[in-house]
Each structure stands twice: as C-alpha cells, then as structure tokens.
Amino acid sequence: MTGEGEGVRGTDPLDAEFAETVRRTGATIGALYLLAPDEQRLFLHLLYGAPSDFAEPWTTIPVTAPAPVADAVREDRMVWVGSQEEMARSYPRTALALPYPLALATAPVTGVRSWGSLLLMWPATRPPYMTQRERGHITASCGRLARMLEEAVERGSFPAPGDPPHVLATGVGRRSATPALAAADFVERLPGGSCALDLEGRFTYLSSGACELLDREAGELLGTRPWQSLRWLDDPVYEDRYRAAVISREPVVFTACRPPDRWLDFHLYPDASGISVRVVPSEMKAPPALVPRVPGDPAPPRAGRLHQLMHLAAALTEVVGVQDVIDLVADQIMPAFGADSLVLSTAEAGRLRITGHRGYDPRTIERLDGLSLHTAFTPAGQTLATGIPAFFDDREEMRRVYPEALTVSGKQAWAFLPLIVSGRPVGCCILSYDRPHPFPAEERAVMTSLAGLIAQALDRARLYDAKHDLAHSLQQALLPRTLPTVPGLGVAARYLPATRGMDIGGDFYDLIPLGDTAVAAVIGDVQGHDAAAAALMGQVRTAVHAHSALGIDPGQVLSRTNRLLTDLEPDLFTSCLYACIDLVGRRVTMADAGHPPPLVRLPDRETRPVDVLPGPPLGIDPGAVFPVTELTLTPGLLLAFYTDGLVETPGVDLDDSIADLAHRLAWADDRDLDLLIDALVRTGGPSAQRTDDIALLVLHHTAHG
C-alpha cells in the first residue's frame, strides 16, 4: 500500500529483489538503508509492509547513532534483537520510539564497498533466536542487493540521498480488497460490526452493523482514517493501538466511548494486507484512563508526533559537541517537519553567531551572521527578547512585520524558535520552507517543546567543546611538532584523538636524538581522559628527555622517571616503552613499563610482537625494575610502537588483536611510511568509532645511512 506521492516501482530489479527478500524471510516489515556519499549517514531508500509516516523519525540515521541499522554498517555485522526486552537493554532510544512487541534484524549490504543496511522486522510470535540457516539466507540476500547496487552505479542510476523513500506494495498476487457478495453476506450476519483498514489506517470496508455502531454512513468514512473522521476517536491513545497492530502484527483490543455514553470494544486483527476490525458493544463502564475529551479542549499531538518527539528528545540527550547538535537538527529535526533550510545561531557577546546552516547561500549567511541580539532586521531579536516562537506561513505575513528580512531570503515560510535556558538566551533555531507552509497548533506545540530541548543540548555542547578544545590544545602543544631526521632510518608517527563525543587521552610519542648515530623512541599512555592526563603526559615526556641525555640504558631511564613520578604522587599511572636504536652498533635495546609490546617486521616480512619483559606501569612502585631486551638491527627491519587504543576492542582478546595488527603490518607497503600508518589505523568500516585515542610510531631501518 502506498501513500500520497509514493511510487510503486515493481519493475525495478532492486525493488523486486528487496521485496522478495522480505517475503522469503517471513518478515512483515522491511527497509533498505543506503550509505550517503559522505559515509556519515544512512538514508531510507525502500520500505515494505508499513506506511511512510511510520518511518519519518528514521528517514536519515547518522552512521554513529546507537541504532541497529547504524551498528550493522559501522561494525560490519548482523544485529539481532529477539524481543522488546532485549531492545530496551541494547537500544533504549529505539525502544522508546518503538514500544511494541517485535523481533528485529539488521545486516550490512556489502560488496566491493559498504552500501548500507537491510532492516527486517517480525511479530514477537516468532522464536526469539535466529538460526544459522536464516542468517545465511539474509547474508546471501544482502550480497544480491549489493550486486544490484553496483550495477546501478555503473548505469548512473544510484539513488540520491535527497530522494523520498519508495514504499513497495505488499498485496501483489493477493485478492482485491472488495469482498465477494457471499463474503459480504456472511459478515452482515455476524453480531456487532465489521470493518477493514489498509496499512495506512484508511477505511476500505464497513458493514451495516459497523455503520450503525459508529453512527455514520459508509460513504462518509471510506477512504478516511478513524481518528480524523470520528471526532471521538481523535486521541493519540487510539491511534497508537492501530500503530501497535501494524508493527507487531498481533491482535490489539481497546475500548472507546461514542458520545454521549455508548462504549464500544474494538478488536484489531492485522496481517500484511491490512487490518480487520470487529466492533462490538462493551460491557464495561467508563475506564478512568479513557474518559472522552471535552469538546473544545486543545487536541493533543498525534501518536506519530508523540513517538517522533520522544525519539528526537532521546537523540538530543546523547549529542556531545556543537557540531553534533547541528547535524542532528539538520538530519532529523528538519525532515521531521518537512523544512527545506536551517539556520542555528548561538548568542555570543551580544550578537547572534551562526554556528550551522543548511539550504542557504553563503552570501546570505554572511549577511545574517553577527546580528545584534536586539535586531529588528529579522524576527530573531524579538523572539529571543520575549522567549515566544514566531511562525510565518507565507511571505506576505513576513512582509507586514519584517519587510527587510525578505531582501536576503528567498524562502516562503519560517519558524523562529528561541533557545532559552533558565531565562538566558542561548541562541535561535530557524526552520524555513521553499513554499508557503501553514503551522497548525499541534506542529507549533511540538516545535516549541523541541526548542527547549535543543537549547539545553546546545548549552551543554558549548561547554563541552570549550573544555575539549582547551585540553586538546594542551595535549597537542606537548606532542613533538616535528620528528628529527636520522640518516638510515625512516620515521613516521601519528596521533589520533578518540572519536568526537569521547574525552581526550594522554597518549604520546617522541623520538630523541642521542648523538649522531643513535636515537631513542618513546611511546606511552597516561591513565585518564582529561586535562590532568594531558598535563602528566608533558611531565613524563620531560622526565624521559632529561634522563635520556645521561647516556644510561633504557631500564635506568624508566627507573629514574618512575621514581620522579612516584615522588610527584599524581594519582595516575603511565605505561611507557623506551627503545634505544644504535645505528652503528646495529642493535636495539628496549625496556617496557606495562605497555603493549612493539611489533618487529624482519626483511623477509615475518612479523611478530617483540618478546620484551615488561615492568609495572610508571608511578606505582618507586623501587620497580625494568629489564632490558635487545634486538639485532638489520637493514630492512621495521619497528612499530603503538598504544592500546589501536588494538583494544570490546569482546576481542588482546592477543588476537595484536596478531591481527601484525598480519596487516606484514603486508603493508613500506615505501611510504605515512601510507603504511594509514593502513594500520584503518581498522573499522565507515565512520568507525574510536573509544580511545591512538599514538603510533614507525621506524624503518634502510640499507643506506
């Protein structure tokens, strides 16, 4: 079943294969998400078994989002959620927006590259586990979908992120919705009333008994939704029961009062083609939770809007930096309200500074940036001064109050939402439209509620960014700006902070000249992820530098540094590995203070961890001893020093991770060490998150020098 503006393209091979995959797996709802060209977000391309408005909160999903669809792409694995309880534990935000009994699977669609993710949903009546055979079928189907997407790229017909999702028909090969005369007679003989809804919630059939109980003629109801044509069903509680039936594919019962006092039981029986409804008089008295709304009371938001609001509210609680807020507003809140453009401003030093925008010409943004908080040029000043949102349905309405604003904007409708926290202006969020757009009371209420949540999120994000930038600047200042040039030794290094949304760390590296023919390689990791860790990292580097100049062996360098740190009592410990590379004596000596072992690649590409005897981390035991390990330095030998952020993965044994890193190093091209480092740190799929920072130092002894 399709809604307005949605196409059914049964002849398209990708559509046909997707629909057949959903039917073959026994799923009731399916969706195909594709990876946008920037590999930062997924967009909904195909939907099966549900109307498009059900998917509105998820038409665009950031790859970094804590959602099953994103996890499948980011981690390149199949995700199985067997019950609503498991959903609540693993994906609380998704469970909040989908509070229905169901089972769910998502699988990556991968071929020559990652193309996206396949989503399948079943009623909760299916077993809460997935067999290997089922997994194999889904994986094979994803492979076929990937090949079709590759062919679409070759034809130049790959879907664009801005295209609306296509909703595919589920009724192919099924009987027409118009009942045969005999079936109609059968229904008419049943007590009570019977009616049918399509998956979009529209009446497709009503018996005479149903018309009598609903007190309306069939012609008045056919093609309409119950909560729109029957005022006494215009309550989000009842619409939510319909949504529960469509998504869970399980029978649902609710009771409603037809004014003035006629209570009716509604029994909903859903399947892939629609919903059969039995309406019978209720034996109950008025339940307290279902007392009919008094005529004239403001209508509450639709159930779909409520779920959408909860979903967006949950998402706003998880954003961290200002850019995260901008991306969420642009990727999820804009589409939720059908907006075409966005301007998000923050209040700084009495002016509105534009921190993010979508859909506006840069010259327009330049003119709007830096307006006074009390500006009369646009409604933003008045909105912030009063704290009251301003809505303009068309240009004429804007012209009457703010004629100058039209000179810089070609938009046709606007919503100006003040961002206020504890009476203090934080900024302004402007949603605009390319054509006139009426703002009904329900939409205004939801936008106003969201504005408060956006303000809180933006205020937190600005504080976080300020703290993060300060600590990160401190850390960068303490890392070496350049590495010394050493004849006969190729050198490259890299520091990668944790993914946005995580704290910074105390990882560091250094390369210290020891005369003309030797250098010391140092790598370490200070415990903690804050400014204190970055400051201690600077103290450790300074101490190692000072002791290296004494000409003592690596074990003594670490011992003296360790005694200094224990005297300082930093309440943090530090892992560190110190190696002395003697190019004339052709040997490498090293000592380890609780740090992961370096990798050595021999000239024949045999690669393994160095069997170094570790001592305890620095800063714990002032009398600790650090044994020295020695290697022969042969031309072509390559050493890789790294911190644990490169090899530690939740649920994966550390030795296995180090072995995997050694395998990748063995076959990496060493002609350009920076490219070699790129190959080593590229461990995840699109936008893979790093939960820890990474430091990596690579040394390659060449045959000349």
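Guide: Let us start with Ser-548, which is found in helix α17, residues 531–548 (helices are DSSP runs of H or I of at least four residues and strands are runs of E of at least two, both numbered from the N terminus). The model is a predicted one, in which local features need pLDDT of at least 70 and side-chain atom pairs count only at pLDDT 80 or more, while totals for chains, interfaces and linings use all residues. Residues are numbered from 1 along each chain as its sequence is written, and side-chain values use heavy atoms, with hydrogens and water left out.

Ser-548 counts as buried because its relative accessible area is 5%, where buried means under 20%, exposed over 50% and partly exposed in between, with a 1.4 Å probe and protein chains only. Once its neighbours within four places in sequence are left aside, Ser-548 is in contact with Ile-512, Leu-514, Val-557 and Tyr-578, contact being heavy atoms within 4.5 Å.

Of the contacts between residues at least 6 apart in sequence, 62% join residues at least 24 apart.

Another buried residue is Arg-74, which lies in helix α2, residues 68–74, and which counts as buried because its relative accessibility is 10%. Its side chain reaches the backbone oxygen of Ala-65 at 3.3 Å, and a polar contact of 2.2 Å joins the side chains of Arg-74 and Asp-71. A polar contact here is a pair of N or O atoms within 3.5 Å; within protein, one must be able to donate a hydrogen and the other to accept it, and residues adjacent in sequence count only if both atoms are side-chain atoms. Between the C-alpha atoms of Arg-74 and Pro-108, which stand 34 residues apart along the chain, the separation is 8.7 Å.

Helix α5, residues 132–155, has 24 residues that should span 34 Å at 1.5 Å a residue, and its end C-alpha atoms are 35 Å apart, which agrees; the expected span is 1.5 Å times one less than the number of residues. Among the buried residues of α5 are Ile-138, Cys-142, Leu-145, Leu-149 and Glu-150, and what covers the buried residues of this helix includes α1 (13–25), β1 (29–35), β5 (102–110) and β6 (114–123). After α5 comes Gly-156, with a positive phi near 75°.

Ser-422, in the loop between β17 (413–421) and β18 (424–433), has a phi near 50°, and Ser-422 is exposed, with a relative accessible area of 77%. Arg-605, placed in the loop between β24 (599–601) and β25 (607–609), has a positive phi of about 75° and counts as partly exposed at 31% relative accessibility.

One further loop, between β10 (252–258) and β11 (262–271), holds Pro-260, which is joined to Pro-259 by a cis peptide bond with omega of about 5°.

Finally, Leu-661, Arg-664 and Leu-665 in α19 meet Leu-676, Ala-679 and Leu-680 in α20.
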